[in-house]
Amino acid sequence: MSKPDRTEKRDGPPKPQSGDSRRGAIAGLIIAAVILGVGLWLARDLTAASKMQDCVMSGRSNCNVIDPAR
């Protein structure tokens, strides 16, 4: 049995190419921004629908907001 020579230099893990690591990070950032935008839009839309439903369920008939003409 031979023992491994401790004087051998061991290379660490191979270095990733700089373009690939940045590309993945940018893609992740874009995906996160899209998910955040969709979430905010959905929350705003559901809040408006909830307010309309609360108004209708209270028996009022003037629930629609009418913007005045300019």
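Helices here are DSSP runs of H or I with at least four residues, strands are E runs of at least two, and both are numbered from the N terminus. On that basis the protein has one helix and zero strands. Keep in mind that this is a predicted model: local features need pLDDT of at least 70, side-chain atom pairs count only at pLDDT 80 or more, and totals for chains, interfaces and linings use all residues. Residue numbers start from 1 along each chain as its sequence is written, and side-chain values use heavy atoms, with hydrogens and water left out.

**Surface and burial**
- The protein's accessible surface is about 7400 Å², and carbon and sulfur atoms own 60% of that; the areas come from the Shrake-Rupley method with a 1.4 Å probe, and for residues only the protein chains shown count as cover.
- Of the 70 residues in the protein, 3% are buried (buried is under 20% relative accessible area, exposed is over 50%, and partly exposed is in between, with a 1.4 Å probe and protein chains only).

- Helix α1 covers residues 18-57, and L42 is part of it.
- L42 is partly exposed, at 41% relative accessibility.

**The disulfide**
- Counting a disulfide as a pair of cysteine sulfur atoms within 2.5 Å, you get one.
- That link pairs C55 with C63, with 2.0 Å between the sulfur atoms.
- The C55 to C63 link is left-handed, at -90 degrees about the S-S bond.
- Both partners are tucked away: C55 is buried at 10% relative accessible area, and C63 is buried at 15%.

**After the helix**
- N64 sits in the segment after α1 and is exposed, with 58% relative accessibility.
- The C-alpha atoms of N64 and M52 are 7.7 Å apart, while the two residues are 12 residues apart along the chain.
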